[in-house]
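Biologist: I would like to learn how to read a structural model. Could we go through a few features in turn?

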Amino acid sequence: MVADSKSKSDISFAGTFVSSAFSACFAEICTIPLDTAKVRLQLQKKAVAGDGVALPKYRGMLGTVATIAREEGLSALWKGIVPGLHRQCLYGGLRIGLYDPIKTLYCGGSDFVGDVPLTKKILAALTTGALAITVANPTDLVKVRLQAEGKLPPGAPRRYSGALNAYSTIVRQEGVGALWTGIGPNIARNSIINAAELASYDQVKETLLKLPGFSDNVVTHLLSGLGAGFFAVCIGSPVDVVKSRMMGDSAYKSTMDCFLKTLKNDGPLAFYKGFIPNFGRLGSWNVIMFLTLEQAKKFVKSIESS
């Protein structure tokens, strides 16, 4: 586990990868309705005076979830779950599986003794986040495209019939390179959020364990996971909004173009659109993922040592 300096010698890379991928997928299944709400809120444009639009369609996390469920059915809240699981198998497995080896590398090798400096933890997490999302970007693109599609008028065909159809349609109509649309803000977002999650989880857990009454148990893991999620959202929300808008709308020419148009048209607070559902999503996601990961690694370790 990232918060345990001894873990790198306790379990193989394959074991860590499988445990991380499983835990990330389980957390994804549990929290994707909040992610769908977050994407809809982020893609919602500010109403222009005189255009006949009195109120935005989606208002708040619970309101967005209720609107989607009422208009499109409960299953619409799990739109994008297939590419979401594809993403977590690749991204979740790689970012955590590579974290300890790269952290060891940055510390000068396996002979390093003592506490790993926070700067090394952050640098290692930035690196693994960037590497992992570079591999997994096509799955993220398809996930956002599927989540962004709302209720259609009667008789109107859907843009994509499913995840696999989305992959093939994008390649056929836009080219292979289109699968890496938004790679710039996506690398920025995921490397930053990965650093915030892994480094802050380590730090919060380490701090709590020094306090009287705390031990390495579920309560400590839960509080550490919430801290990691909150810090990740505060730092990563602006690039997350830019990423979602670029992937959901092809009208933007570049990352900077998307940033400037969002700032000009919707104001600076637009970069924190969907903050509450994003924290609800990342906070609960981190708690579920880290709690599951702790147990999954114990299980894999028992298999490997038997």
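**Surface, core and contacts**

Modeller: Leu118 counts as partly exposed, because its relative accessibility is 38%. Keep in mind that this is a predicted model.

Biologist: In which helix is Leu118 found?

Modeller: Leu118 belongs to helix H5, which covers residues 118–148.

Biologist: Which residues make the nonpolar surface patch with Leu118?

Modeller: A patch of this kind is built from residues with over 30% relative accessible area. Here Leu118, Ile122, Leu123 and Leu126 make a nonpolar patch of about 280 Å².

Biologist: And the interior? How many residues does the largest nonpolar core have?

Modeller: A nonpolar core is a set of buried residues joined through side-chain atoms within 4.5 Å. The largest one in this model has 15 residues, and Ile96, Tyr99, Ala125, Leu198, Trp285, Met289 and Phe290 have the most contacts inside it. At least two residues of this core come from each of helix H1 (13–43), helix H4 (99–106), H5, helix H7 (183–209) and H10. H10 gives the largest share, four residues. There is also a second, separate core of 14 residues, with Val39, Ala163, Leu179 and Met247 among them.

Biologist: What is Trp285 in contact with, leaving aside its neighbours within four places in sequence?

Modeller: Trp285 is in contact with Ala24, Ala27, Glu28, Thr31, Gln88 and Arg95.

Biologist: Next, a charged residue. Is Arg245 buried or exposed?

Modeller: Buried means under 20% relative accessible area. Arg245 has 1% relative accessibility, so Arg245 counts as buried. Arg245 lies in helix H8, residues 218–248. Its side chain is joined to that of Asp266 by a polar contact of 2.7 Å.

Biologist: Now for a helix end. Where does Ser305 lie?

Modeller: Ser305 is in helix H10, which runs over residues 275–305. Ser305 is exposed because its relative accessible area is 60%.

Biologist: Which backbone oxygens lie 2.9 Å and 3.3 Å from a polar atom of the Ser305 side chain?

Modeller: A polar contact is a pair of N or O atoms within 3.5 Å. The backbone oxygen of Lys301 is 2.9 Å from a polar atom of the Ser305 side chain. For the backbone oxygen of Ser302, the corresponding distance is 3.3 Å.

Biologist: How do I compare sequence and space for Ser305 and Glu206?

Modeller: Count the residues between two positions along the chain, then look at their C-alpha atoms. Ser305 and Glu206 are 99 residues apart in sequence, and their C-alpha atoms are 27 Å apart in space.

Terms used
Residues are numbered from 1 along each chain as its sequence is written. This is a predicted model: local features need pLDDT of at least 70, side-chain atom pairs count only at pLDDT 80 or more; totals for chains, interfaces and linings use all residues. Side-chain values use heavy atoms; hydrogens and water are left out. Patches are made of residues with over 30% relative accessible area and no salt bridge: like charges are joined within 9 Å, nonpolar side chains (Val, Leu, Ile, Met, Phe, Trp, Tyr) within 5 Å. Accessible areas come from the Shrake-Rupley method with a 1.4 Å probe; for residues, only the protein chains shown count as cover. A salt bridge is a side-chain nitrogen of Lys or Arg within 4 Å of a carboxyl oxygen of Asp or Glu. Buried means under 20% relative accessible area, exposed over 50%, partly exposed in between (1.4 Å probe, protein chains only). A polar contact is a pair of N or O atoms within 3.5 Å; within protein, one must be able to donate a hydrogen and the other to accept it, and residues adjacent in sequence count only if both atoms are side-chain atoms. Contact means heavy atoms within 4.5 Å.
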